[in-house]
Amino acid sequence: LNASIPVINAGDGGHNHPTQTLTDLITIKRELGRLDNLTIGMCGDLKFGRTVHSLIGAAARYENIRFVFIAPRELRLPDYIINDVLEKNGIEYRETESLEEAMPELDVLYMTRVQRVLTPEKLTSAKKNMRILHPLPRVNEISVSVDSDPRACYFRQAANGKYIRMALILKLLGV
């Protein structure tokens, strides 16, 4: 059955978050100037984080994308994403529990809610042009002292989300 009215897919619970993914992609493009040839680190709740699941599927469509999944064993990425998205498409990835170990290789660090806290000290080995994203709202996973770091772009990301959602609504209204 086709809907007779416009519908914006706001996600399906624990699997996808399409408007956040559009927000994330435009933020990466604006911040780094590209969507390919990136190493994207995803840190936090990778098991239940729908923003992470959605972004993996979208980013996997670009050339030379590599993922580093940073999570405790109990919150690791579900096997169906590893099998159906990453391995099926030959996407390079690795898993680790150490944010500090992964930091030097990342172009993007996508933080989600978890018990670890990102602090300025943990960023000392990060690339100077790495970008830190977070779908917000933040709980305790990023110290407010990181906010002034030029690599922190989650507030610009939130503004991009406003524009993405406005554009979708305008498109649906035929404006």
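Tutor: We begin with the word contact, which means that heavy atoms lie within 4.5 Å. Among contacts in the protein between residues at least 6 apart in sequence, 66% join residues at least 24 apart. This is a predicted model, in which local features need pLDDT of at least 70, side-chain atom pairs count only at pLDDT 80 or more, and totals for chains, interfaces and linings use all residues. Residues are numbered from 1 along each chain as its sequence is written, and side-chain values use heavy atoms, with hydrogens and water left out.

Student: How do you know whether the radius of gyration of the protein agrees with that of a compact globule?

Tutor: The radius of gyration is taken over C-alpha atoms, and the globule rule is 2.2 Å times the number of residues to the power 0.38. For 175 residues the rule gives a value near 16 Å, and the protein has 16 Å, so the two agree.

Student: Why is Arg66 called buried rather than exposed?

Tutor: Buried means under 20% relative accessible area, exposed means over 50%, and partly exposed is in between (1.4 Å probe, protein chains only). Arg66 has a relative accessible area of 18%, and therefore it is called buried. Buried residues make up 47% of the 175 residues in the protein.

Student: What makes the pair of Arg66 and Glu105 a polar contact?

Tutor: A polar contact is a pair of N or O atoms within 3.5 Å; within protein, one must be able to donate a hydrogen and the other to accept it, and residues adjacent in sequence count only if both atoms are side-chain atoms. The side chains of Arg66 and Glu105 are joined by such a contact at 2.7 Å. Not counting residues up to four places away in sequence, Arg66 touches several residues, including Glu105, Glu92 and Arg94.

Student: Why is Asn64 called exposed, and why is Leu136 called partly exposed?

Tutor: Asn64 has a relative accessible area of 53%, so by the rule it is exposed, whereas the value for Leu136 is 24%, so it is partly exposed. Asn64 has a positive phi near 55° without being a glycine, and phi of Leu136 is likewise positive, at about 55°. A cis peptide bond, with omega about 5°, joins Leu136 and Pro137.

Student: What makes a space a cavity rather than a pocket?

Tutor: On a 1 Å grid over the protein atoms alone, a cavity is a set of points where a 1.4 Å probe fits but cannot get out, while a pocket is an open set with protein on both sides within 12 Å along at least five of seven lines; lining residues have an atom within 4 Å of a point. Grid points are joined across faces, edges and corners, and a volume is the space filled by probe spheres set on the points. The count comes to 1 cavity of 30 Å³ or more, and the largest pocket has a volume of about 230 Å³.

Student: How do you know which classes line the largest cavity?

Tutor: Ala, Val, Leu, Ile, Met, Phe, Trp, Tyr, Cys and Pro count as nonpolar, Asp, Glu, Lys and Arg as charged, and the others, Gly among them, as polar. The lining of the largest cavity includes Leu25, Ala59 and Tyr62, and by class it has 8 nonpolar, no polar and no charged residues. The lining of the largest pocket, in turn, has 2 nonpolar, 6 polar and 3 charged residues.
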